[in-house]
Amino acid sequence: MQHYTQDDKFVFFNAVDAAVQLTVGNGAGHAVVGAADTVDALVELLLRADVRATDRIMFSSDMDFASEEGFATDNAAHELLEAALEASGLTQQADDLLV
């Protein structure tokens, strides 16, 4: 079970115009960090926003219907996000938290 602290951010992903958009927020509000259509660009956004495995990571339903947002398939946005989380080390950090 995940335990959150006040320092943990809300991290929200959605599919927009064939890219994955990253929005980060806390109790004071939220801001769009940017959107990326490649793994490297999405990793850069994750690093810039200082996303951590302990943050509250969520995604919109448009990630499930990504073809409606310009992606080649409905799975493409999730695949891009998963690859970026892996490349950034966040997947390993999350795995380490579960051990």
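Helices (H or I, at least four residues) and strands (E, at least two) are DSSP runs, numbered from the N terminus. The model is predicted, so local features need pLDDT of at least 70 and side-chain atom pairs count only at pLDDT 80 or more, while totals for chains, interfaces and linings use all residues. Residues are numbered from 1 along each chain as its sequence is written, and side-chain values use heavy atoms, with hydrogens and water left out.

Just after helix 2, G89 takes a positive phi of about 90°.

Which residues of helix 2 are buried? They are A76, A77, H78, L80, L81, A84, L85 and S88. Buried means under 20% relative accessible area, exposed over 50%, and partly exposed in between (1.4 Å probe, protein chains only). An α-helix has 3.6 residues a turn, so residues three or four places apart point the same way.

The interior comes next. A nonpolar core is a set of buried Ala, Val, Leu, Ile, Met, Phe, Trp, Tyr and Cys residues joined through side-chain atoms within 4.5 Å. The largest one has 24 residues, and those with the most contacts inside it are F13, V20, L22, L42, L46 and F71. Strand 1, strand 2 (19-26), helix 1 and helix 2 each supply at least two residues of this core. Its largest share, 6 residues, comes from helix 2. A search of the whole structure finds 2 salt bridges, a salt bridge being a side-chain nitrogen of Lys or Arg within 4 Å of a carboxyl oxygen of Asp or Glu. In one of them D55 pairs with K9, the closest N and O atoms being 3.2 Å apart. D55 lies in the loop between helix 1 (39-48) and strand 4 (56-59), and K9 in the segment before strand 1 (10-16), so the pair ties together parts that are 46 residues apart in sequence. Both D55 and K9 are buried. R52 also forms a salt bridge with D55, again with the closest N and O atoms 3.2 Å apart. R52 is partly exposed, with a relative accessible area of 28%, whereas D55 has 3%.
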